[in-house]
Amino acid sequence: MSSSDLTKQKEQIGTVMVVGGGVAGVQASLDLAELGYYVYLVEASPAIGGVMAQLDKTFPTLDCSLCILSPKLVECGRHRNIEIITNAEVKGIEGVPGNFRCQVKRRARYVDREKCNACGICINYCPIEIKDSYNENLKNVKCIHMLYPQAVPAYFGIDEKSCLYLSKNECRQCEEVCGTDAINFKDKDEILNLEVGSIILAPGFEEFDAGLKAEYGYGRYPNVVTSIQFERIMCASGPFLGEVMRPSDGKHPKRVAFIQCVGSRDVQAGNPYCSTVCCTYAIKESIVIKEHDPNLQITIFFMDMRTMGKGFEQFYERGKKEFGINFVRSKATKIRRIPETENLIVRYVNESGAKDEKEFDLVVLSVGMEPCRGYQQLADSLKIHLNPYGFCETNEFAPLKTSREGIYVAGAYQSPKDIPESVMQASGAVALSSGLLSASRGTRVKERVFPPEIDVSGEEPRIGVFVCHCGTNIAGVVDVPEVAEYVRTLPNVAYAEENMYSCSQDSQVRIKELIKEHRLNRVIVAACTPRTHEPLFQETIREAGLNRCLFEMANIRDQNSWVHMHEKERATKKAKDLIRSAVSKARLLSALPEQRVQVNPRGLVIGGGLAGMTAALEIARQGYECFLVEKEKELGGNLRKLYFTLDGNDPQKFLSDTIEKIQKDPRITILTSTEVTGVSGYIGNFRTQVVQKNGSDQPMEIEHGIIVVATGAQEYKPDEYLYGKSPKVITQQELEEKLGTNPSQICSVKDVVMIQCVGSREPEKRPYCSKLCCSKAIKNALKIKELNPDCNVYILYRDIRTYGFKEDAYNKARDVGIIFIRYDLEGKPEVKEGETLEIKVFDPILKEDVLIKSDLLVLSPAIVTQGNEELGKLLKVSLTDDKFFLEAHVKLRPVDFATDGIFLCGLAHSPKPLEESIVQAQAAAARAAIPLSRGEVEVEPIISSVDQELCFGCGICEYNCPYKAIRVVQTEKGERAETITASCKGCGVCAARCPKQAISMGRYTYDQISAQIAAIASG
């Protein structure tokens, strides 16, 4: 009997276990909870957050890592349908998909989770210090401690091995001073038996142990640090409070070296794969410290620069041109310490094979990702397979499925990857899990219940102001105590205080308590950006009984401490001005009603390529009808032009199987030869006009609740290297078609040359990397060598970007005799045609031009979009400068648009290989299913309202609204404007353009803005 048959005989359980509390695990938990499933989030460490919580900034936007992550951690920590189980590990599993029984061991913490209020008094009395793992052992913490200040859950724990009482039966000072009796030395390990329908594995990764590379002196030379240690050194909450100092003597370094591929692309270290992120994070760290000290001299020693993600190549160019980072293509062989100065000599071999050395004050080792030590034990417990490198084994056509049905994978447990890819995989795994458990959705969840909203309309304003230190992000520049003291003198401020981290879980609890204690009816947080944090604080005050719109934020970080870091006195004054302005506005705030709209439970997917088909199938698997619109007469898109993969799979069979699934699914309506001609409406209630090009050109209107954009992209047709002029010059796509349909054409070819980056990575044309070209060239080159071993194949490249496990193919290509010759953008190959093609290229190893005579020249062109601008205007969504669609947030919302209810996947987002398109499509389907599953959605109350007594129906507002959220209608008083509340984004264009000032914005009225201006002017 199959496992699916067994599932039908048992009750399907609407609960999911997520293993791992890093960004992938947190995202998966939140998506599952919002979809109607109860979640057990199991994390091995004392708090969730993972490696992302240790980072200073994120690339390429340089957002503060913990600042953008913290709201998600707090949301996860207080979500009624997420149960966080820390200090825990999975010990075993039984059952079938839909009905698993899991054993989870929770280790003793010796602090009562219910009683601890994270006051920190115990720290002052604990006599034992231990190395601080969160700060990568660069400082000490007490034996009783919290993992980091913003940790979720926000309570303390005791290190059992170091505690004097637990190890020697001495000392109980923490217990004696704890005012809540939270210390529990009788605490024991416990086994939890959990019933779940499915499991998502996201346990993250470990950094490579740099001490294994003895030639670099890590662990022996204090000024050799790892990249993750350097993150903590740079960070405002780190051991040096954001001041970049050498560990040996606290001096500021003037010359810093980064050595790449430490523990990656290293056969001797046992890690021949590429860790994917190291190149870009080294550039990020270099840029950040150059912002600390513009005079720093930074050198990055690298083999290939692998900046292939969205926006990463531009980030690389910015590092070179704007910040003057010196990139040296080389192999660092050894580091030697100078005892007198503690400086370091880096010895290296340059590209031409010559040996050289340079002196530095500090060296950063860019360490790669490794499987966690517990991966094998976890795999054994769950009875799943690992790949040869110890990561979870998956198939490229099913990249999130483990070898056991009902268990899915996300994040770096599947392979080394960046944050957005981890987030996509998390949401994608949710789609698979939800598809399996759709019948049990909503059966185990708890309903959200807020306290009754307090009516404050007749009360005098009593404003509470919370001024955030943000570690030293703010307090390192602004005199926060002085600001808080000043704020207490402002009219209507009933309470003001400083917070170390206002966004932390314990601060949220405290804010709610103070609202009640001081009868606050307006709340201001002076901290960072409302773009990421405002929803968090609005939720907090709502839990205290206040309307969300009685909240205001003053951005004293982005708009003050960050831009005035060298003007502390003036920055402090500006902080006072910004908060005084916020207080003036807060006095005039009023409660606004919650807006809710019903959701049409159907989806629309635009684009019938691999991403579009995958998204449609996943939406249908979750129980919702879906329209699949494709402008061509057949489904399949670029997948129709793929004939083999690096892993040896058959794309054409995969295509036919996928189309068959779509055609057989009664919930999917296929509309081929169809184009979108108009879109109106808003989340939950879209109306899309389409025209079928089937001879009649009959328009039709589709009503649906969400939209997934999967319009794809295509191979650029070059205008160089004789393409289109000589039949001997073709593209990689054209070569693959020949290899797949008529390989005999290639068997007689003696010499083949491939040129990479044709139309890509060119600042004046297309500055981005097209990501999949290197792997595709190597795939086709290996196929040629398989068919014709005597053929000479040359690949002319700028950087080989076979990231992750694709590095295996690069190594194989060199083993079978494929010749790689690097060229620079300034020295592009020259092509002439005679009896044969002649390709001339400068070889940097030989230091001379090389002439290659070839029977066939294959170009690896850019991936380009077509038609995105027109569709973007219809959908009212943004595009990048490269004409790919722009997601809501590059790191944490990679499949959402800023416009609610519209989602994004595949090549329409950015160039990516097949398996990543599948993942992003599954992620888009999961995110799209959230509003579909709810039946209704909340709409921001910050919308426009029209005073129809003042309005005279001129229509200027309707004409200028970018979201079509306001319209002129016929009323008893004549034509008047009215707001379509669900469509309004609160941008204020209508109010700004109204000649009669008949339109006002919720929370941004004329009176409120005028009060703010007057308050600023009064300073």
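I looked up Asp 181 and placed it in the loop between helix 6 (173–177) and strand 12 (190–196); helices (H or I, at least four residues) and strands (E, at least two) are DSSP runs, numbered from the N terminus. The model is predicted, so I note that local features need pLDDT of at least 70, side-chain atom pairs count only at pLDDT 80 or more, and totals for chains, interfaces and linings use all residues. Residues are numbered from 1 along each chain as its sequence is written, and side-chain values use heavy atoms, with hydrogens and water left out.

I read phi of Asp 181 as near 55°, a positive value in a residue other than glycine. Asp 181 counts as exposed because its relative accessibility is 56% (buried is under 20% relative accessible area, exposed over 50%, partly exposed in between; 1.4 Å probe, protein chains only).

I then turned to Lys 847, which is not a glycine either but has a positive phi of about 60°. I found Lys 847 in the loop between strand 42 and strand 43. At 55% relative accessibility, Lys 847 is also exposed.

Together they form a hairpin with four residues between them. I noted Leu 851 in strand 43 as the bridge partner of Lys 840.

Last, I checked cis peptide bonds. The bond from Phe 59 to Pro 60 is cis, with omega near 0°, and Pro 60 lies in the loop between strand 3 (57–58) and strand 4 (63–64). The bond from Val 152 to Pro 153 is cis, with omega near 0°, and I placed Pro 153 in the loop between strand 10 (144–145) and strand 11 (157–158).

How values were computed. Pairing = 2+ DSSP bridges.
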